[in-house]
Structures are given as structure tokens and as C-alpha cells.
Amino acid sequence: MNSCGYIFWLISCLFKRYIAVYLNKLKAGLNSFSNVERKIAIYIINNIAQLKDATTTSIANKLHIGESSITKFAKKLGAKGFTELKIALIVEGNKTKNKTLHSSINTEDPLNVIAEKLIHEKNVAITKTTECINFELLEKIIKKINKARRIQIIGLGGSALVAKDLAFKLMKIGYNVTCEVDTHVQITVAQALTKDDIQIVVSYSGKKKEITIAANAAKEKGATVIAITSMMKSPLRRIADYSLDTLSNEDEWRSSSITSRTAQNCITDLIFIGLLQLNDVRASSMIKQSRELINKLE
């Protein structure tokens, strides 16, 4: 190896070593950074893929901090400035891109970083979903559910967990609710609904055949169909009388529907609290009675 080649190799090795140091320092220092430094670190960890176009100005505006704070933080980590830190992290991000476990979480993340990333993703899902709620429509839907003779709640996969959770909560405060996981039973119950009944469909994609068949069956019988779904155009949105939007990073690589379920739970919990508010005396009495009965099991 000639002298130029050796120097290039040495610089390359040093650069790679500092890349790892930067990423490790970001993750390991979360509990010791100041509030502003922690805010910068969490943003960088969650947005490595977007760092290419980031500047100190753009990040400062998003985090509502001074540009100098970002520069000082980069130097504290050992970089000459934000640009050097950014380049190093982009390279490191490319190296770990194929080691993704879920969304922005990869195989090398320690549990404290995974916790931060999950909190961030869940908060984004809840915030975006809440910001898009038409509260007049939601209030109208809650009043319709309150007057329904019978309520069918359906969902598949991860959405079925959300459907079951809502069903249990509504049963707890006295509503006539059915929630079956078996798709054949869902369709059978749907075709037996009437104009006095409501079907609540929880489906992020709104495209599943089983779901659309059940929704169509309920609609044909005159029941009101309420969809809790994403903002994407889908067969379910076309069938539903009312749609409540949920937003998450569902399109990103995922191992489970974590953030979409978080967004769905945001809507279903609002429905539950709204119904609780309409029937506070009866609901409180039923919850108390349920608690007393369960306590007898102890």
C-alpha cells in the first residue's frame, strides 16, 4: 500500500470509528443530557433518514430552540459542527437500515432508546389523529351510538383488539353490544341488524374483504355504519355513513400495528368518554356495581 492509500485507509477507519461513537453517545447519553440536548438527541435518533436535508435552522424551528444549541451539542459529541455530525449519522443510518425491527427501531437499539422511539411514535399518532378530528361530527356520532338499540363492533387482526376493548367498555356502562372475532359470525350478525342499530367498523386499511362484506350487509339492512379508519380512499370509507380518521406511520416497515392501534384507541376512548359523559349517573352506578361484583372474586 502506498503512502496516499495508507492515509486514505487511516482516515476512513477513523471516520468509521467516530460514526459509531456519535450514535452511541446519542443513545447512551439520553439520561444525562440537559432538557434541550435531550430534545435534540431524540429528534436526531428518530429522524436519521431525514437528516440529509436538515439544517440547524430547520431543526431549531421544529424544536423551538436556538441554532447555537444544535451546534454546541454537535461539538459536545465530538464533531466539529452539525454538518460533520449529520454526515456521520447518515452513513451509520445507511449501515443499520437493513436491521430494522419495527419502524425506526433497529436491532442495535438499547431498551431505553426503543422506549423513547415508541413514545415518540405513539405521541405523533395521537397528536396527528386528534388534530384531524371533526368534533362536531364526533359529537353527532356519540349521540347516535347512545340511542342505538344494538351496537355491533367489528375488526380484524390488531384492529380486533381495539374493537374488543371498545366493546368491553361500552358493555360495562350498559350498552347492548356484540363483538365477535370470527368473520362468519360478524357477517351473520351484520345481516340481522336494523335501522335502529349501529355497526362500528375498526379497520386501518379499510380494504379487507371480510370487513367490507359485513359493512355492506349492515348498510343494506338500514343500520348506520361508522368507520374508524385511515384517511386513505378505501371500500370501507365509501360504504360508511360516517368516518372517523386515524393517522399513523402505518405505511412504514412494521412488525405489528402498534401506532395504528394507538391512533384507533385514541378515537375509541373518546367515544367511550363521550358516552360516559352523556350517562354519567347510570354509568357510574354500573361501574361501581361491576367493581363490587368483581371484588367478591378475591
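In the predicted model, helix 9 (183-190) and helix 10 (residues 209-220) pack with their axes 8 Å apart, at an angle of about 15°. Because angles under 35 degrees count as roughly parallel, helix 9 is classed as roughly parallel to helix 10. The crossing of helix 9 past helix 10 is left-handed. On the side of helix 9, the contact comprises Thr183, Gln186, Ile187 and Ala190; helix 10 contributes Glu210, Ile213, Ala214, Ala217 and Ala218. Sorted by class, this contact between helix 9 and helix 10 contains 6 nonpolar, 2 polar and 1 charged residues.

Leu276, Gln277 and Leu278 make the contact from helix 12, and Asp280, Ala283 and Ile287 make it from helix 13. The contact of helix 12 with helix 13 has 4 nonpolar, 1 polar and 1 charged residues.

Side chains of opposite charge can pair when their charged atoms come close. Within the model, 9 salt bridges are counted, including one between Arg149 and Asp197, with the closest N and O atoms 2.8 Å apart. Both residues of this pair lie in loops: Arg149 between helix 7 (135-147) and strand 3 (151-155), and Asp197 between helix 9 (183-190) and strand 5 (198-202). The bridge therefore ties together parts that are 48 residues apart in sequence. Asp197 is buried, at a relative accessible area of 1%, whereas Arg149 is partly exposed, at 42%.

A further salt bridge joins the side chains of Glu37 and Lys76, with an N to O distance of 2.9 Å. This pair links distant parts of the chain, 39 residues apart, with Glu37 in helix 2 (residues 35-46) and Lys76 in helix 4 (residues 67-76). Glu37 counts as buried because its relative accessibility of 15% falls under the 20% cut-off. Lys76, by contrast, has a relative accessibility of 48% and counts as partly exposed.

For the protein as a whole, the secondary structure consists of 13 helices and 7 strands. Of its 298 residues, 44% count as buried. Among contacts with a separation of 6 or more, 68% are accounted for by residues 24 or more positions apart.

Note on methods: Residues numbered from 1 in each chain as written. Predicted model: local features only at pLDDT ≥ 70, side-chain atom pairs only at ≥ 80, totals over all residues. Heavy atoms only, no water. Salt bridge = Lys/Arg side-chain N within 4 Å of Asp/Glu carboxyl O. Helix = DSSP H or I, 4+ residues; strand = E, 2+ residues; numbered from the N terminus. Buried < 20%, exposed > 50% of the residue type's maximum accessible area, 1.4 Å probe, protein only. Axes fitted to C-alpha atoms, helices over the stretch in contact; angles between N-to-C directions. Parallel < 35°, antiparallel > 145°, perpendicular 65-115°, else oblique. Left-handed = near helix turned anticlockwise from the far one by under 90°. Contact = heavy atoms within 4.5 Å. Nonpolar A, V, L, I, M, F, W, Y, C, P; charged D, E, K, R; others polar.
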